[in-house]
Amino acid sequence: MNNQKITPCLWVEKDAKIVAEYYLSIFKDGKLKDYQLFENMPGADGSGNDGRFDTALIELAGIEFSILAAGPMFKFNEALSLVINCKDQNEVDYYWDALTANGGEEGGCGWCKDKYGLSWQVVPVEYFDLIHSKDVIVRQKALTNTFKQKKLILSELK
């Protein structure tokens, strides 16, 4: 049973369970809450799912996500991204490396994509203190250096 008012749904081409296992391998406190395979469904509509699709419900960092594997009609893009607020540089490094491995890609300013094309912002929480600092020099240095980086390196932003 889902207790969230709003649940993000991640549409992927195929294999909801494999996608769920991928995210659960990265977010160690996550869990698979449900998996369903639907077969012999009407599939002659050109959707590419051939009458078969599957869904999964996972929980990552306390947030539930629905995964719908129902064909190639829709792709992720940067219009939506998920922010990972990291406690320190080690955590930034962990998530960055895990998400960009095996087909993921680095972007700029702390943004990356995982192997499914979902956009993530991997950010040390201290970063927000720097860019919101009342000290103009601290704020300017953090922002200027942000634009020079792919993965955010906190020591270079200070």
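Mentor: Strand 5, residues 81–86, has a covered face made of Leu82, Ile84 and Cys86, while Ser81, Val83 and Asn85 form its uncovered face. Strands here are DSSP runs of E with at least two residues, and helices are runs of H or I with at least four, both numbered from the N terminus. The model is predicted, so local features need pLDDT of at least 70 and side-chain atom pairs count only at pLDDT 80 or more, whereas totals for chains, interfaces and linings use all residues. Residues are numbered from 1 along each chain as its sequence is written, and side-chain values use heavy atoms, with hydrogens and water left out.

Strand 5 pairs with strand 8, residues 119–124, in the parallel sense over 6 bridges; two strands pair if DSSP finds at least two bridges between them. Asn85, on the uncovered face of strand 5, has Val123 of strand 8 as its bridge partner. In general, strands of a sheet pair through backbone hydrogen bonds, either parallel or antiparallel.

Elsewhere in the chain, an open sheet of 4 strands has mixed pairing and the order 1-4-3-2. Strand 1 (9–12) and strand 2 (31–38) stand at its edges with a single partner strand each, so one side of each has no neighbour in the sheet. From one strand to the next, the twist averages 15 degrees. Strand 1 runs parallel to strand 4 (residues 63–69), and 4 bridges join them. Within strand 4, Ala69 stands opposite Val12. Helix 1, residues 16–26, packs on this sheet and touches strand 1, strand 2, strand 3 (53–60) and strand 4, where contact means heavy atoms within 4.5 Å. The direction of helix 1 makes about 15 degrees with that of strand 3; axes are lines fitted to C-alpha atoms, for helices over the stretch in contact, and angles run from 0 to 180 degrees between N-to-C directions.

As for the whole, the protein chain has 5 helices and 8 strands. Their order from the N terminus is β-α-β-β-β-β-α-β-β-β-α-α-α. The C-alpha trace spans about 60 × 30 × 25 Å along its principal axes. Of the 158 residues, 39% count as buried, meaning under 20% relative accessible area, with exposed over 50% and partly exposed in between (1.4 Å probe, protein chains only). Among contacts with a separation of 6 or more, 59% come from residues 24 or more positions apart.
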